[in-house]
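Work through the exercises below with the sequence and the model open. Each one is followed by a stepwise solution.

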Amino acid sequence: MSAENTAPYGLVRDAAIVVQEGRISWVGPAKNCPPMFSQAASNDFGDRLVTPSFVDCHTHIISGGNRAQEFEMRLNGASYEDVARAGGGIVSTVSATREASLEALVSDALPRIDAMISEGTSLVEVKSGYGLDVETELKMLRAAKRLAELRSIRIVRTFLGAHAVPPEFASEPNRYIDEVCIPALRAAHSEGLVHAVDGFCEGIAFQPEQISRVFDVAAELGLPVKLHAEQLSNLGGAELAASYGALSADHIEYLDEAGVKAMAKANTSAVILPGAFYTLRETQKPPIDLLRKHSVPMALATDCNPGSSPISSLLLSMNMGCTLFRMTPEEVLAGVTKNAAAALGVSDTGVIEAGKRADLSIWNVNAPAELSYRIGFNPLEKRIFGGDLV
């Protein structure tokens, strides 16, 4: 599966992949393998499918507590207002995250990371955003950094201080941006904890002008941006993100054609998140046909979080992308490999070609479509991480 191959899925049959010092040196039909590599040690994976390892480009896996109780409350007829009055919603996650130690946050996140690794994932984006004070935002990013030290996985750390207005600033979002969010971003950058900056542009979160102030600081610090945009309404978030050359606009259920055109012009990827759509029982679907029409790259991610998308499976997310949004199996596979890597600004993975990292997944399937076709079934045979079979 390479970038240049024009066959469906970029599939090469009876292929050979040469790996040296953690990177791919050559790939192509085995019969064409150069003699200089003929003496290299080999593994025969038989008729199995080899793909780039998965990239989960939008997650919130660092958090305290869980929201199973409010899930049950809603199923028993409670409204969102009832849940909020009972201390639920994002406020409960913020409270639990503030109270948790760094060690507890890491311990709680490890099973989620392990589940992702078990499905062939080698690169995961992890956001802050459940601290909403300076120290807890830094604690979350430190916990994300620790995950990559404990497991064979790479972590992209994204600062999401503009995620929600905390209770202590309930009527003063501008003061929160100035006194907490921006200082936390500067502190995270000075500690080397942040790779990108995100925000939530929505009526229940922050307005475009407030996001702009955060993005201006990101630009000053030389950090790329991305944005939760057009999930529940259209505030022009995707166009705003594109105006900053954003890596991605995520969710985008209410995105219109003007926003799609802006994203196409800025080469801003669309990150599709069917888990939140499913969990919240939404009905407004992202404009997949418009994204195709204007050639906007579509990535796909779990959005793993304790409230709106408690899903850690990219395989399930791929099936949801096909079933709920009518994406094709080829689109969702690209969405969790090359397009997901692009949505993170990572250029050394996501395709199988010479020069890229040898992050590969070996699947016990007959055809690529099986990866998105099956539900609740994991056909991963082996995973190669940085050239090592793990």
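This is a predicted model: local features need pLDDT of at least 70, side-chain atom pairs count only at pLDDT 80 or more; totals for chains, interfaces and linings use all residues.

Residues are numbered from 1 along each chain as its sequence is written, and side-chain values use heavy atoms, with hydrogens and water left out.

**Exercise 1.** Find the order of the eight strands in the open sheet and say why S4 and S11 each have a side without a neighbour.

Step 1. Strands are DSSP runs of E with at least two residues, helices are runs of H or I with at least four, and both are numbered from the N terminus. Two strands pair if DSSP finds at least two bridges between them.
Step 2. The order is S4-S5-S6-S7-S8-S9-S10-S11, with parallel pairing.
Step 3. S4 (54-56) and S11 (298-300) stand at the edges with a single partner strand each, so one side of each lacks a neighbour in the sheet.
Step 4. As one example of pairing, S5 (residues 121-127) joins S6 (residues 154-162) in the parallel sense over five bridges. Glutamate 125 stands opposite valine 156 in S6.

**Exercise 2.** Classify the angle between H4 and H5.

Step 1. Axes are lines fitted to C-alpha atoms, for helices over the stretch in contact (heavy atoms within 4.5 Å); angles run from 0 to 180 degrees between N-to-C directions.
Step 2. The axes of H4 (residues 102-118) and H5 (residues 134-150) come within 9 Å and cross at roughly 50°.
Step 3. Angles under 35 degrees count as roughly parallel, over 145 as roughly antiparallel, 65 to 115 as roughly perpendicular and the rest as oblique. H4 is therefore oblique to H5.
Step 4. Residues of H4 in the contact include Leu102 and Ile113, and those of H5 include Lys139 and Leu150.
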